[in-house]
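Subject: Structure handover

Hello,

Here is the structure we talked about handing over. Please open it alongside this note; the findings follow below.

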Amino acid sequence: MIDPKIIRDNIEMIKELLQRRNMAGAVDIDELKAIDEERRTLILKADELREKRNSASKTIGQLKAKGQDPVDMMKEVQLIGDEIKSIEQRLNDLNERFRELHLSVPNILDKSVPTGKDDKDNVVVREWGKKPQFNFEPKPHYDIGTSMGILDFERGVKLAGARFYVYRGLAATLERAIINFMLDLHTKEHGYTETFGPFIVNDESMTGTGQYPKFKDEYYRIDRDGLSLIPTAEVTLTNLFRDEILEAEKLPIYLTMQSSCFRREAGAAGRDTRGLVRVHQFQKVELVKFVEPETSFDELEKLTANAEEVLKRLNLHYRVVLLCSGDTSASSSKTYDIEVWMPGLNRYMEISSCSNFLDYQARRAMIRYKKKGEKPQYLHTLNGSGLAAGRTLAAIIENYQREDGTFDIPEVLKKYM
RNA sequence: GGAGAUGUGUCCGAGCUGGCUGAAGGAGCACGAUUGGAAAUCGUGUAUAUGUGCACAAACGCAUAUCCUGGGUUCGAAUCCCAGCAUCUCCGCCA
């Protein structure tokens with residue numbers, strides 16, 4: 001959520017924002033404004049009536065204490081009560097609709113974000129390493145893994161359906177090694193605190209980070225319990241401090257957590273269907289930061305660098321892409337994607353996404369901080385993958401492959417095997 | 001899953017035979033007085049949200065709401081009723 005006062009006073013700016021984000025029709029800003037105005041007059045009205053009722057009730061109490069029985073006055077106040085009740089009912093409806101619309105308004109974009117329609121308009125900001133050269137035709141990871149007997153897609157389908165897979169032997173061990181390596185790097189060298197929490201969370205948590213209410217179709221929800229499987233540990237980590245006021249001295253807070261991530265991938269049918277690239281369950285090491293507002297863009301650069309460091313140590317060629325206005329997610333004000341080179345697929349593949357949400361999530365989730373002697377204010381949240389483990393496994397298989405159909409283990413992972 | 005108990009401010013803790021209680025008392029914290037300095041002592045202050053006033057913002061004023069959450073009864077609810085949630089105890093179950 002962005003500050004409702006900003007919307008109130010800058011209708012045109014918000015409309016422009018929707019244009020740039022390629023979601024012009026997605027939110028009815030005029031309706032939002034109209035509802036906001038109506039609810040404010042009703043709040044005023046209701047408050048005035050309550051004031052009247054409070055003072056009248058007080059008088060009634062005093063009169064009764066003196067032994068009188070002010071029947072007329074009580075009748076009168078009862079009518080006020082009825083009026084309040086009907087205003088409250090209308091107000092409830094309005095507030096609900098207002099919140100619905102308000103939650104749908106995307107975040108303000110940072111000035112540095114290029115205007116563009118989709119991923120074709122994203123801007124490559126840097127590259128690291130170079131594409132490996134092979135004196136044979138490099139194969140995709142799923143062919144290598146399947147023929148080695150370490151990736152089993154058929155049995156994944158048998159167990160759970162399309163886009164599920166099974167790791168056997170080396171693949172399972174290697175992914176575990178990847179996760180441990182990444183966690184060690186982020187905790188021992190980058191200053192993150194290793195955290196572990198629920199993979200299943202309630203609706204408030206899913207709303208706090210922006211998954212609900214708009215994108216309900218993309219996640220697995222257990223309706224009888226009102227709980228959802230997390231699509232990323234960002235949900236668990238960012239909601240840790242929901243409805244809390246943190247002391248300023250505790251900031252910044254850096255957290256990392258490994259989790260399985262569950263996504264329906266609705267609407268992605270037919271895209272990247274093969275292999276480990278797009279699946280319903282994958283493992284990921286997540287990075288989340290809670291910071292003071294003035295520092296959040298510096299923190300974004302550092303966060304992205306932390307994720308890049310994983311690829312550098314694995315010696316995998318990658319590039320960093322600044323997402324354009326149309327490709328940046330609604331909660332984010334600025335996002336860098338890190339894309340690793342996949343020789344077998346012959347393209348770059350997103351392996352991390354690092355975003356600065358400003359106070360957008362903090363406002364939804366009511367995460368604030370307080371300096372001594374000052375009022376509480378919303379802090380800024382950031383997150384990034386550090387990295388997606390399954391895709392890292394796929395990248396290693398493709399980049400480290402040998403002509404004989406097997407692959408090497410990156411040097412830094414050997415001690416984890 | 002079954003039975004019972006509990007749920008008040010930063011914390012402890014009164015109130016719960018309905019009105020004068022945003023909430024006694026204590027602790028903590030902040031500031032001030034006292035002191036050569038400190039302890040002790042004394043004084044003052046110590047929530048959040050929303051709306052509104054001041055051209056805006058800050059500060060401030062006013063109003064409303066908040067005693068786990070949501071409903072209800074009542075002229076009026078922290079106090080009564082209902083539902084939910086959480087914690088604790090006992091039983092059941094279990095990696």
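What share of the 417 residues in chain A do buried residues make up? The figure is 51%. Keep in mind that this is a predicted model.

**Overall**

Chain A has twelve helices and 16 strands. Its C-alpha atoms fill a box of roughly 100 × 45 × 45 Å, taken along the principal axes.

**Salt bridges**

The structure holds 34 salt bridges. Three of them are set out here.

Start with Asp-36 and Arg-8. Their side chains meet in a salt bridge, 2.8 Å from N to O. This pair links distant parts of the chain. Asp-36 sits in helix α3 (residues 29-65), and Arg-8 sits in helix α1 (residues 4-9). The two are 28 residues apart. Asp-36 has a relative accessibility of 5%, so it counts as buried. Arg-8 is partly exposed, at 25% relative accessible area.

Next, Asp-184 and Lys-188. This salt bridge has an N to O distance of 3.8 Å. Both residues lie in helix α7. They are four residues apart, about one turn of the helix. Asp-184 is partly exposed, with a relative accessible area of 23%. Lys-188 counts as exposed, at 66% relative accessibility.

Then Glu-299 and Lys-289. Their side chains form a salt bridge at 2.6 Å, N to O. Glu-299 lies in helix α10 (residues 296-313) and Lys-289 in strand β10 (residues 281-291), so the pair ties together parts that are ten residues apart in sequence. Are these two partners buried or exposed? Glu-299 is buried, with a relative accessible area of 6%. Lys-289 is buried too, at 0%.

There is also a network. Arg-8, Asp-36, Arg-39 and Arg-40 are joined into one by salt bridges that share partners. The Asp-36 to Arg-8 bridge described above belongs to these residues. As background, side chains of opposite charge can pair when their charged atoms come close.

**Aromatic pairs**

How many aromatic pairs does a search of the whole structure find? The search finds nine. Two are described here.

The ring centres of Tyr-165 and Tyr-167 are 5.0 Å apart. Their planes stand at 40 degrees, so the pair is tilted. Tyr-165 is buried, at 15% relative accessible area. Tyr-167 also counts as buried, at 17% relative accessibility.

Tyr-192 and Tyr-254 form another tilted pair. The distance is 5.0 Å centre to centre, with 35 degrees between the planes. This pair links distant parts of the chain, with its members 62 residues apart. Tyr-192 is in the loop between α7 (170-189) and β4 (193-194). Tyr-254 is in strand β9 (residues 253-262). Both tyrosines, Tyr-192 and Tyr-254, are buried.

**Surface charge**

Which residues gather in a patch of negative charge on the surface? They are Asp-119, Asp-121, Asp-327 and Glu-350. Take Asp-119 as one of them. Its place is in the loop between α4 (71-104) and β1 (123-128). Asp-119 has a relative accessible area of 49%, which makes it partly exposed.

**Contacts across the sequence**

Two further pairs are worth a look in the viewer.

Asp-404 is found in the segment after α12 (389-399). Asp-404 is exposed, at 57% relative accessible area. How far apart are Asp-404 and Ile-144 in space, C-alpha to C-alpha? The distance is 9.8 Å, while in sequence they are 260 residues apart.

Leu-358 is in the loop between β13 (347-356) and α11 (360-365). Leu-358 is buried, with a relative accessible area of 16%. Leu-358 and Glu-299 are 59 residues apart in sequence. In space, they are 11 Å apart, C-alpha to C-alpha. This is the Glu-299 that meets Lys-289 in a salt bridge.

Best wishes

Terms used
Residues numbered from 1 in each chain as written. Chains lettered and ligands numbered in written order. Predicted model: local features only at pLDDT ≥ 70, side-chain atom pairs only at ≥ 80, totals over all residues. Heavy atoms only, no water. Patch = residues over 30% accessible without salt bridge, like charges linked within 9 Å, V, L, I, M, F, W, Y side chains within 5 Å. Areas by Shrake-Rupley, 256 points an atom, 1.4 Å probe, with all protein chains shown as cover. Salt bridge = Lys/Arg side-chain N within 4 Å of Asp/Glu carboxyl O. Lys, Arg positive; Asp, Glu negative; His and termini not counted. Charge placed at Lys NZ, Arg CZ, Asp CG, Glu CD. Buried < 20%, exposed > 50% of the residue type's maximum accessible area, 1.4 Å probe, protein only. Phe/Tyr/Trp six-rings, centres within 6.5 Å; stacked < 30°, edge-to-face > 60°.
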